[in-house]
Amino acid sequence: MLPVFRNINVFPLKHTNRPVNPFDLCHLIRIRLCSSKASAVKEFEDPEISHAEGSAVTISDQFELLSDVMTPLWKMPYDEQLRAKHNWSQSVVRMINERVNANRKEKRRLNVTPKIYHVKSSPVIMEYRNKDEFSIRNGADGHPKTVGFFIGSTASDNAVCVPGTHVITMREKHKKIAQNFEQYIRTSELPVCTDFRPGGGNWRRFIVRSNEEGNTLAVAVCHPQLLSQERLIEEQQRLKEYFTSGPGKDDCPQSLYFQACPHARCTNEQAPFVLLHGKPFLEEHMWGKTFRISPDSFFQINTQAAEVLYETILKQANLTPRSTLLDVCCGVGPISILAADRVRGCVGIESVRDAVLDAKFNAKINNATNVDFFYGLAERLTERIIEELDLATDIVAVLNPGRAGLDPRVLRLLYKCPQISTVICVSCKADMPSTLKNFVQLFTEGNFKLNSVTPVDLFPHTWHTELILKFIR
Ligand SMILES: C[S@@+](CC[C@H](N)C(=O)[O-])C[C@H]1O[C@@H](n2cnc3c(N)ncnc32)[C@H](O)[C@@H]1O
């Protein structure tokens, strides 16, 4: 049993609008775990859980359940996890095969038979997450302002928020800053946002990021509802004082931001990230190069494993001084900047403006003079960029979109371009229909062969695995 973090009584419920029934909670979590990929489903016949009225779901149970949701493989030895991920990679290839053959009129099956490499392990398996996104809702003790992660379903009204104190992939600093933020919002007059409509409350999310040196950047996200600008500024000032000179000062992040976001998510253009304290950016180092990361920019969640990922991508790409790298969905530019010394030039496309500004800055400070980045959607920019790469004889495209995959028009442009002989697809959601569709299109319409699949474990203790799929003509 995990150690008890602090004494929370589930009953009586002082702060809640609606009591949490411990039986409901367990039942919900059981459904959640059974429907997840986790094989180890916890049985809830624990003597510490009694369903009689007035009894409690122990805090240690909540922590264990949260670990089961967030890190479902946490009880499996790491080498077994790697074997399970290898099997999963094979199943992705089977899914590609099924889809390739699903709509074929000809009787003869097409076989996609790439070489599947062993999973490249993560150099670090504990406390590797450099970003955590905390929700704010009712805790299992009924406190309406609890900063943590949901267990149960948010769609039904039964989800509760559990602090991430025992999640083994989370860094201690993130936990401490989140605990301090929880203390802060419990003193704030603003309620938690439970509805986007007026009157639905304010506090929504808390994001903590850090680099390998231990510097941290935090963003408090608040729905502005009908609050005046003066009231928002007053809250920002109080939050800043709490962390810089108040009770949170021992765990003050190096950068503290506030965002008044009226939607589920807002970019910096939609709702500016307001810097309350410290440096505007986080800096990360890989291969002796420096990367600036803005609060709005993507960065791989496991920095040390990301180095392994990038090294593997560049190796698979067989780059030469004659190559041009087309870096589609480039983020803050790591793939292009790390490849710059090996190639004729790199061009990156990215749809988040701040990430493009970071990428340009990163190219400059790393002296990557043969690299350029463009702001916009790949589906809008790729055609013009390919036209401008007219003189390039050997183009390698690296595609690393989010879970939505890429628009089929982008892939069409790539396989119609004769100078592109290699396409490397990088995905952490390779088994999602949107992503599988991209692979199948490259194979069936584009006549590319799937040459190899290399899994890289960016997410130890979870089922997620980053896959590098190499397609060649
Ligand atoms: C998984 S991240 C990869 C970023 C980068 N390759 C890296 O390793 O850090 C995906 C990036 O693609 C961007 N993106 C998603 N859809 C896009 C699109 N249609 N056009 C351009 N960029 C897109 C996102 O903003 C995000 O920065």
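Into which domains is the protein divided? Select 171-283 for domain 1 and 299-472 for domain 2; these bounds come from an automatic or database domain assignment. Before going on, note that residues are numbered from 1 along each chain as its sequence is written. This is a predicted model, in which local features need pLDDT of at least 70 and side-chain atom pairs count only at pLDDT 80 or more, while totals for chains, interfaces and linings use all residues.

**Stop 1: between the domains**

The centres of domain 1 and domain 2, taken over C-alpha atoms, are 33 Å apart. Four residues from domain 1 and four residues from domain 2 make the contact (C-beta atoms, placed from the backbone, within 7 Å). On the domain 1 side, the touching residues are two polar, two charged and no nonpolar. Here Ala, Val, Leu, Ile, Met, Phe, Trp, Tyr, Cys and Pro count as nonpolar, Asp, Glu, Lys and Arg as charged, and the others, Gly among them, as polar.

**Stop 2: the sheet**

Helices (H or I, at least four residues) and strands (E, at least two) are DSSP runs, numbered from the N terminus. You will find an open sheet of eight strands in the order 1-16-17-15-14-11-12-13, with mixed pairing; two strands pair if DSSP finds at least two bridges between them. At its edges lie strand 1 (115-116) and strand 13 (371-375), each pairing on one side only.

Select 420-427 and 466-472 next: strand 15 and strand 17 run antiparallel and are joined by six bridges. Look for Val426, which stands opposite Ile468 in strand 17.

**Stop 3: helix 9**

Select 378-388. Which residues of helix 9 are buried? They are Ala378, Thr382 and Ile386 (buried: 20 or more other C-beta atoms within 10 Å of its own; exposed: 12 or fewer; partly exposed: in between; C-beta atoms placed from the backbone). Seen down the axis of helix 9, these buried residues fall within an arc of 50°, so they line one face of the helix; the arc is that of the directions from the helix axis to the C-beta atoms. They pack against strand 11 (323-328), strand 12 (345-350) and helix 10 (408-416). Turned away from the buried side are the exposed Arg384, Glu387 and Glu388.

**Stop 4: helix 10**

Finish with Val410, Leu411 and Leu414, the buried residues of helix 10. Their packing partners include helix 9 and helix 11 (433-444).

Methods: Two residues are in contact if their C-beta atoms, placed from the backbone, lie within 7 Å.
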